[in-house]
Amino acid sequence: MRIFLCGGGCGQQTVDANKKLNKVIDHNKPILYIPLAMPSERYPSCYEWIKDELKGVDVPNIDMVVSGADLFNKNLENYSALFIGGGNTFKLLKDLKDSGSFEKIKIFIENNGIVFGGSAGAIILGQCIDTCKYADKNEVDLKDLMGFDVVNHFSFLCHFTNQDEEKTKLNKNYLLELSKKEKIIALPEEDTIYYENGKFEIIGNRPFYIFEEGNMISYNVNQDRLTEFLKLNSDADLFK
């Protein structure tokens with residue numbers, strides 16, 4: 001299992017994460033871009049965005065799907081990585097589950113496939129997407145909110161602390177209450193968590209946050225707290 005959990009940034013915010021992606025992929029295979037969190041009319045501009053975003057990643061091509069059914073018909077083993085982009089998390093997860101693509105991606109992950117999830121694409125890799133209550137609207141009336149759970153029962157929220165003070169406070173208070181029943185990692189746009197074979201690293205320079213049992217703990221890459229976090233969780237205690 002090789003997973004990138006990106007806090008939702010792009011451009012300069014994700015340069016180092018994209019360098020890491022370039023380091024671990026098979027350069028002989030294309031990347032498959034999944035923009036299904038976005039409205040379909042935006043897919044052409046999404047494709048232009050991903051080509052620019054991954055211009056430093058050495059692959060023959062970037063293919064893009066335009067529907068859940070399109071994704072279901074792809075042979076994922078033909079790709080060096082899946083890039084699941086941002087947008088509306090509820091729409092994304094519904095499209096994957098309704099089309100049967102959710103199970104295909106799950107098998108791909110279990111077979112050591114590489115998945116880069118950004119924003120909504122990262123949130124669905126957690127245990128549950130109920131973390132994004134104040135980030136997205138459930139206009140598709142999705143009932144099953146359970147994600148891929150690639151991290152040991154942790155859910156995710158992205159763009160945390162990158163929004164205005166009122167939105168950050170609203171999300172913080174909600175996550176504090178939600179954390180009484182589930183564990184949550186909240187990432188800013190500048191941070192990406194990379195996980196491989198029971199080990200992980202933090203790519204970025206902003207604090208990220210753990211919400212658990214009604215408490216919030218800040219982990220800063222420049223503090224001893226991060227060292228403690230890595231020591232406690234590097235032996236598959238945190239990650240499957």
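**Core, helix packing and cysteines**

User: Which residues touch the most other members of the largest nonpolar core?
Analyst: In this predicted model, Leu5, Leu21, Leu71, Leu96, Ile105, Phe148 and Leu175 do so, in a core of 76 residues. A nonpolar core is a set of buried Ala, Val, Leu, Ile, Met, Phe, Trp, Tyr and Cys residues joined through side-chain atoms within 4.5 Å; buried means under 20% relative accessible area (1.4 Å probe, protein chains only). Local features need pLDDT of at least 70, side-chain atom pairs count only at pLDDT 80 or more, and totals for chains, interfaces and linings use all residues. Residues are numbered from 1 along each chain as its sequence is written, and side-chain values use heavy atoms, without hydrogens and water.

User: What does Leu5 touch?
Analyst: Leaving out residues up to four places away in sequence, its contacts (heavy atoms within 4.5 Å) include Gly117, Leu125, Phe156 and Ile193.

User: At what angle do H4 and H5 pack?
Analyst: Helix H4 (residues 89–99) and helix H5 (residues 101–110) pack at about 95°, with axes 5 Å apart. H4 is therefore roughly perpendicular to H5, a term for angles of 65 to 115 degrees.

User: Which residues make that contact?
Analyst: Leu93, Leu96, Lys97 and Ser99 of H4 meet Ser101, Phe102 and Ile105 of H5.

User: Changing topic, how many disulfides are there?
Analyst: The count is zero, where a disulfide is a pair of cysteine sulfur atoms within 2.5 Å.

User: Is Cys158 buried or exposed?
Analyst: Cys158 counts as buried because its relative accessibility is 5%.

Note on methods: Axes fitted to C-alpha atoms, helices over the stretch in contact; angles between N-to-C directions. Helix = DSSP H or I, 4+ residues; strand = E, 2+ residues; numbered from the N terminus. Parallel < 35°, antiparallel > 145°, perpendicular 65-115°, else oblique. Buried < 20%, exposed > 50% of the residue type's maximum accessible area, 1.4 Å probe, protein only.
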